[in-house]
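This report describes a single protein model.

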Amino acid sequence: MIPEEKVREVAERVSILEVVSDYVQLRRAGANYVGLCPFHGEKTPSFNVNPAREIFHCFGCGEGGNAFSFIMKMEGIGFPEAVKLLARKAGVEIEERQLTPAERHAQDERQQFQRINELAEEYFRSVLLKDPAGQVARNYLKERAVDEALAADYRLGFAPDRWDGLAKYLKAHGADLENARKLGILRKGDNGWHDLFRNRLIFPIRDHKGRVIAFAGRVLDASLPKYINSPESPLYHKSAVMFGLDMALPAIRTENSVIIVEGYFDHLALYRAGIRNVVATCGTALTTTHAGLIKRHAAKVYTLFDSDAAGLKATFRSMELFLDQRMPAYVITLPSGDDPDSFLARNPPEAFTACRDKARPIFDYFVRSLLVRIPPDSVDNKVRVIDEVIPRFRKIADPVERDLYEKEICRLLGITVHAFRKRQGGMAVTARDMPAGQHPPAQQRDRSQETLLALVIRYPEARGEIREFGVENLFEGPHRQVAEAVLLSLDTGDDPVDVQNILERLDDPDQRRILSQVLVSDDHLADIDWRTVLAHYKRTKEKRALHSIRDIAARLAVLDPDSEEYRALLQQADALRTRKSKL
């Protein structure tokens with residue numbers, strides 16, 4: 001606990017103008033100083049510092065406060081740490097309470113651990129830069145367009161194919177090898193100490209302050225495992241660390257958003273392209289701690305995981321976490337087969353920005369991906385989809401967002417809101433809860449189809465128009481098969497008066513029933529204007545077909561735009577719209 005008088009002393013000794021000037025370029029504007037806000041992206045300065053009142057305020061994003069709150073936001077630290085940081089800047093001594101022997105031992109041990117990691121990073125780095133054994137890694141980085149400056153930003157290194165290169169280096173520098181074992185970078189066997197990382201490119205894993213806490217090693221060929229990471233240690237807890245956070249924090253504050261990727265090279269590819277608000281998971285699934293850490297620094301998150309089954313699982317796991325955190329989350333989708341590295345190798349950064357700007361809300365992406373896996377073409381499938389959606393749907397906190405998603409889910413499934421809410425309440429949903437089916441039951445008469453069949457039989461001119469329009473565009477199911485049989489019979493010279501002979505050639509009972517019904521009940525069509533009747537049915541049929549545009553649109557929403565099915569459906573929808581314009 002820092003005494004209140006010490007907090008006041010620090011506040012009196014520091015100048016907010018000096019504190020902010022360490023981070024933001026300011027210019028005088030009347031009584032205030034103005035600059036570009038470090039907490040959100042802007043081109044026109046709206047960030048103001050008032051030295052007289054020792055406060056700052058941004059008229060763009062609304063952030064404001066004193067020197068302590070500025071440091072807390074910029075550094076991602078709590079109030080006590082901010083006070084201590086500014087106390088050191090102001091030359092104010094804050095007495096710390098006396099540590100217990102156990103606390104002092106833990107503090108000393110942590111410092112030793114930190115020193116060992118620094119030595120390890122130094123060793124890996126020197127091998128990459130100077131050692132002949134590092135030539136293979138230097139060649140690899142050159143092939144992947146990683147220059148020396150970029151490698152230096154990441155502090156990349158190389159572990160040579162030696163059993164005890166690191167062990168010898170640490171020993172030569174007086175490091176405690178047992179502590180190195182606790183960090184997981186050395187192991188002890190019957191033949192003595194040996195290195196965990198061998199013949200691997202090394203990515204140092206750093207905390208948000210840039211201190212090395214672990215390492216990741218990548219092979220340079222196709223052997224497996226591709227990556228190995230340092231195990232959990234007193235310094236490294238996978239569930240609480242995001243790779244690259246120290247490099248990303250300035251951009252995250254400016255963009256007020258963060259992009260999460262899976263791999264270290266995914267991170268590197270984006271960083272190289274100038275996209276800096278990026279972090280990566282360290283070979284582990286996203287956790288609640290990760291989600292809380294991200295929320296502390298950004299208002300919005302984008303996920304960019306692989307499009308395979310494992311990547312989708314990771315995406316939907318992150319959806320659960322961000323719904324719990326009530327944090328807006330979006331999914332960036334790259335063309336099929338691409339990852340950030342391959343995509344940016346062929347495209348400018350602006351192309352990636354365009355993909356980011358088209359990112360879908362993660363819940364919407366989940367629903368549409370689910371509909372690809374479980375097509376809503378039956379009551380059972382619709383119920384399966386609803387049951388998968390409901391537990392996630394319940395986590396949406398905003399009532400307006402819930403209402404909009406409820407309507408969209410029901411539209412995509414072709415169900416009523418009543419049916420969705422009924423299932424939400426734990427009640428069974430049956431076909432009665434779904435909108436009425438489009439096709440009549442097999443035994444139910446379809447008068448319009450029968451009338452069209454009668455026209456085929458009675459009027460030769462009508463037959464010509466029906467053939468031109470297309471039998472498949474007017475008839476469905478068994479009626480279509482009967483119409484084709486009748487037209488074939490009449491084309492081969494059968495007398496229309498003897499068309500009942502076709503009954504003997506029809507094997508299907510439904511087809512025989514349909515034709516017999518038409519033959520015994522078509523007298524009322526003897527003197528009609530067949531052209532008017534046919535024109536009416538053609539218009540009705542086309543209008544009904546246009547309803548399928550909605551179904552096509554729903555299907556398009558869940559398909560990959562680069563797929564063949566997507567292009568085919570798009571052409572079908574365009575054709576339907578053209579037909580609609582002619583009605």
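## Open sheet and hairpin

Five strands, in the order S1-S2-S3-S4-S5, make up an open sheet with antiparallel pairing. Strands are DSSP runs of E with at least two residues, helices are runs of H or I with at least four, and both are numbered from the N terminus; two strands pair if DSSP finds at least two bridges between them. At the edges are strand S1 (27–29) and strand S5 (64–65), each of which pairs on one side only. Three bridges hold S1 and strand S2 (residues 32–35) together in the antiparallel sense, and arginine 27 stands opposite valine 34 in S2.

Strand S7 (residues 186–189) runs antiparallel to strand S8 (residues 192–195), with four bridges between them. The hairpin that joins S7 to S8 passes through two residues. Lysine 188 faces tryptophan 193 in S8 as its opposite residue.

## Basis of the values

The model is predicted: local features need pLDDT of at least 70 and side-chain atom pairs count only at pLDDT 80 or more, while totals for chains, interfaces and linings use all residues. Residues are numbered from 1 along each chain as its sequence is written, and side-chain values use heavy atoms, with hydrogens and water left out.

## Aromatic pairs

Rings of Phe, Tyr and Trp (its six-membered ring) pair if their centres lie within 6.5 Å; planes under 30 degrees apart count as stacked, over 60 as edge-to-face and the rest as tilted. The count by this rule is 28 aromatic pairs. In one of them, the ring centres of phenylalanine 203 and phenylalanine 243 are 6.1 Å apart and the planes stand at 80 degrees, so the pair is edge-to-face. This pair links distant parts of the chain, 40 residues apart: phenylalanine 203 is in strand S9 (residues 200–206), and phenylalanine 243 is in the loop between strand S11 (227–229) and helix H10 (245–255).

Phenylalanine 203 has a relative accessible area of 0% and is buried; phenylalanine 243, at 3%, also counts as buried. Buried means under 20% relative accessible area, exposed over 50%, and partly exposed in between (1.4 Å probe, protein chains only). Ring pairs join Phe203 and Phe243 with Tyr140, Tyr154, Tyr227, Tyr264, Phe265 and Tyr271 in a cluster.

## Charges over rings

A charge sits over a ring if NZ of Lys or CZ of Arg is within 6 Å of the ring centre and within 35 degrees of the ring normal. Arginine 276 has its charged end over the ring of tyrosine 271, 3.8 Å from the centre. Lysine 73 has its charged end over the ring of phenylalanine 39, 5.8 Å from the centre.

## Arginine 463

Arginine 463 belongs to helix H21 (residues 460–469) and, at 10% relative accessibility, counts as buried. Leaving aside residues up to four places away in sequence, arginine 463 touches Val456, Ile457, Leu487 and Leu490, where contact means heavy atoms within 4.5 Å.
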